[in-house]
Amino acid sequence: MKKLLTVCLLLLTLFSQAQTSVSNVPILVKGSITGTVIDATLNQPLPYVTVILKSEAGETINGTITDNEGKFYIQKIPGGKYSVTIQFIGYKTIDQSISIDQDHKDIDLGTLTLEEEATGLDEVTIVAEVSTIQQKVDRKVVNVGKDLTTAGATASDIMNNIPSVSVDQQTGNISLRGNENVRVMVDGTLSNVPIAQLLRQIPSTSIKQIELITNPSAKYNPEGMSGIINIILYKNTNIGFNGNVNFGLTKEINARFNSSIDMNYRNGKINLFGNYGNNVGSNNSYGNIYRPDNTSNQIFNTDRNGKSHLFKVGLDYYLNDNNTISFFTNQNVFDGKNDGTTDVVYDNGPTERQLFNNTIDNISSQYNLAYKHDFKKEGEKLDIEIDYSDFNQEEDANFDFINIAFPPNYEDYVNTDRAQTIVNVDYVNPLNDETKLEAGLEARLYDTTVNYKSTGLSPNPDQDDIPNNGDEFRPTPSTYFDYKRDIYSAYVTYGKSKEKWSYQLGVRAETVTVDAIATNFLENETEINPFENDYIQFYPSAFLTYTPSDKNTYQLSYSRRVDRPGVGQVNPIREWSTPLLSNVGNPELEPQFTNSIEANYIRNLEKGSITAGVFYRLIEDEINRAVFVDRLDFNKYILTFENFDNTSAYGVELSSNYRPTKWWNFNTSFDLYYRQQKGFTERVIAPPGVDPTEDDIIVDQVTADNIIWNFRIFNNFKVVKNLDLSLFAMYRGEEEGIQFTRKPMYFVNTGIRYSFLEDNRATVSFNYNDIFNTMAFEFEGENPVPSVGGFNWESNTWNINISYRFGGNKYRALQRKNRDNNEKSGSGGFM
């Protein structure tokens, strides 16, 4: 009996110890922590803040970064005592102790405020003053501060300050990683306004962020070989009545004014917001093209005058915690007038002159309605969005000629209407803590019409031999071009994370119907040229991420994308003309497809971060420029587009954000890439003094191989409490194209900024751009004829900007969903 009692007591003791031991095993408890980080001065969310979870021994257990709303979430934390570190470059670090146990599994740290690190407690600088560049899973995010904003009056002016982005100052075309096949969105939606015109019409002070999405997942629209540039305009959702007002003046030869005001009122379930920006002024550009074959020198001089007014008004209605309805409209009104002169000077002969002037009036309207529903299950949500946009433009152009026998003076009238309807349905379902499923449907209905009339002359088709003196010409027929494109698509993505690894797989299926018809209204007949193209395509994507520690992240991604011909590329109506060159589209262009692979490495440092990446692109049926001899005059050429053989491009990128000292921080980027272009040009080989014929035209196959490199660096120096200096430099390497080789370009900008009044509500800044007056587009070419030249514009400018913010600036709790903004978990596999 004693032995039995002893055994029982021993078992009871062991069982009791086991219970105590088990209750002290923290792994049995799984908890989570959440919170929101805001700026102490602005009371606004801080994105990309690093949140680190450490053990009592100081070992890093887990980590994350805050999303666009300043929120963070770390889950599956074993029970125990920890330290949570909140740190962000330029701000004071916060350390907070927590304990996770059976009674405290899910801990909400609430709202955490970060103060900027300074030498004195009273030295606080508004974070919005300084631009920051952050590398996220699938994109770079440029938070535009007053340093970059005041470098120019429009979006076009500041784009050259953005890593991997270049703007052709002559044509206004934008390129990403050296490729112009890039899609530009405003507030997550493709705009109906031509890109070059759009960038000139958006005031820089209306821009909040610029996103560079170089390898989008299947969730996103697949258009754009080199990716997507998303311009996000200001939208204020602070509680109470709040706003910002900006005024700017830019000048070299001409003065350009820009201003904007951003306001909102939020109380309870309703948030009303509005933004107005304008850009008024003139810009002069000039240049020349010299042709040694006929000793001609074309001298160009153009004055571009425009008035742009951009309105954004919207309403958010918070039905309850799970349902939100939002509506906004963007209205862009533009009035422009261009005056230009082109002189063709010969060594032996009179100077020929073309006088050109046109007026352009257009209105672009966007209406967006969105509904968001959050299910009871954490992270499960449904988004429905309907977007309609309309663009209408009227252009009247006059061409007058001096010492030019043909053509006679004439006028062109062009009316353009574009309508686009987009319907999106997106569903997100976290299947468990490690897995997420996303699916969606989209319909994109696009319709554009161009109505062209002219008082000029065209060749008579009844004549077999058309001389160059214009004797056999008749009035130019009117042309009506109608281009419709309907796209219906569905996508699904599946993502999973496991410890330090995460991946995402996706595919998007699209069916596309294209119907185009060009109708020429002749004297006694009508000529109709139809074009149809129907196809089905699949666009897969894959993302893999490995995060061995909070300091190192590795990413690998793949996507397939498409470049559908733009209206300007397919429009058979002449877009522009000089005495020796005209530009028209090709209605029979096929889309080009791109397979893209990209790898990135992100290293988080104590005072900054470094991002290194490589990419490779294989392009099928590449769309490129082609040059034809003008059959109306064998001394003139026509510039158009054609599909060519497959080609490829690859390159490397390096970028860094770093703060060496409390008074100096900088962003720098370097990219080097190889690109091959294929095309062809026609040229005339008739001897001088001999009238050429069709037999004298030959075709040259041209291949341009490039190794191009670019470098940018932006420095910000804090001189005293409220005074900052900035210095920006850019170098763009030589680039060979089908028609010519562009020479290197570089410039240096500098500026000073001072903040004053209570809470630094007011700011005045002064920038001096291209201080050495070195920014010019210089080139030399061999195709189709030898030529050398260059173009200049008003780059050596000074700019003064004044801004003032008003209102309570209380923290906002909920933000309207923006479909093409980065999701909370990213689209590259992070869960």
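**Entry 1: the chain as a whole**

I began with secondary structure and found five helices and 47 strands in the chain, where helices are DSSP runs of H or I of at least four residues and strands are runs of E of at least two, numbered from the N terminus. I noted that this is a predicted model, in which local features need pLDDT of at least 70 and side-chain atom pairs count only at pLDDT 80 or more, while totals for chains, interfaces and linings use all residues. Residues are numbered from 1 along each chain as its sequence is written, and side-chain values use heavy atoms, with hydrogens and water left out.

I then looked up the confidence, given as pLDDT, the predictor's own score for each residue from 0 to 100. The chain averages 80, and 82% of the residues score at least 70. Over residues 1-27 the pLDDT stays under 50, and the model has five contacts for them beyond four places in sequence, a contact being heavy atoms within 4.5 Å. Residues 809-831 also have a pLDDT below 50, and I noted 104 contacts in the model for this stretch beyond near neighbours in sequence.

For burial I used relative accessible area, with buried meaning under 20%, exposed over 50% and partly exposed in between (1.4 Å probe, protein chains only). Of the 831 residues in the chain, 54% are buried. The chain exposes about 36,100 Å², of which carbon and sulfur atoms supply 56%; these areas come from the Shrake-Rupley method with a 1.4 Å probe, and for residues only the protein chains shown count as cover. Among contacts between residues at least 6 apart in sequence, 67% join residues at least 24 apart.

**Entry 2: the sheet with E1**

I followed an open sheet of three strands in the order E4-E1-E7, with mixed pairing; two strands pair if DSSP finds at least two bridges between them. Strand E4 (71-78) and strand E7 (106-114) stand at the edges with a single partner strand each, so one side of each is left without a neighbour in the sheet. Neighbouring strands here are turned by 20° against each other on average, direction ignored, with axes taken as lines fitted to C-alpha atoms (for helices over the stretch in contact) and angles running from 0 to 180 degrees between N-to-C directions.

Strand E1 (residues 30-39) pairs with E4 in the antiparallel sense over six bridges, and isoleucine 33 has isoleucine 74 in E4 as its bridge partner. E1 and E7 run parallel and are joined by seven bridges, with threonine 36 standing opposite threonine 111 in E7. I also checked how E1 is covered, and eight of its ten residues are buried.

**Entry 3: a four-stranded sheet**

I next looked at an open sheet of four strands, E3-E2-E5-E6 in order, with antiparallel pairing. Strand E3 (60-65) and strand E6 (94-100) are its edge strands, each pairing on one side only, and the twist averages 20° from one strand to the next. Strand E5 (residues 80-87) runs antiparallel to E6, joined by seven bridges, and isoleucine 86 has isoleucine 94 in E6 as its bridge partner.

**Entry 4: asparagine 624**

Is asparagine 624 buried or exposed? Asparagine 624, which has its place in strand E35 (residues 623-629), is buried, with a relative accessible area of 8%. Leaving out residues up to four places away in sequence, I listed its contacts as Thr640, Phe641, Glu642, Phe644, Gln677, Lys678 and Ile738.

**Entry 5: aromatic pairs**

The structure holds 28 aromatic pairs, for which rings of Phe, Tyr and Trp (its six-membered ring) must have centres within 6.5 Å, with planes under 30 degrees apart counted as stacked, over 60 as edge-to-face and the rest as tilted. The rings of phenylalanine 740 and phenylalanine 777 have centres 5.9 Å apart and planes at 80°, so I recorded the pair as edge-to-face. Phenylalanine 740 lies in the loop between strand E41 (735-736) and strand E42 (741-742), and phenylalanine 777 in strand E45 (residues 777-781), so the pair ties together parts 37 residues apart in sequence. Phenylalanine 740 counts as partly exposed at 32% relative accessibility, whereas phenylalanine 777 is buried at 11%.

Phenylalanine 779 and phenylalanine 791 form a stacked pair, 6.2 Å centre to centre with 15° between the planes. Phenylalanine 779 is in strand E45 and phenylalanine 791 in strand E46 (residues 787-793), twelve residues apart, and both are buried.
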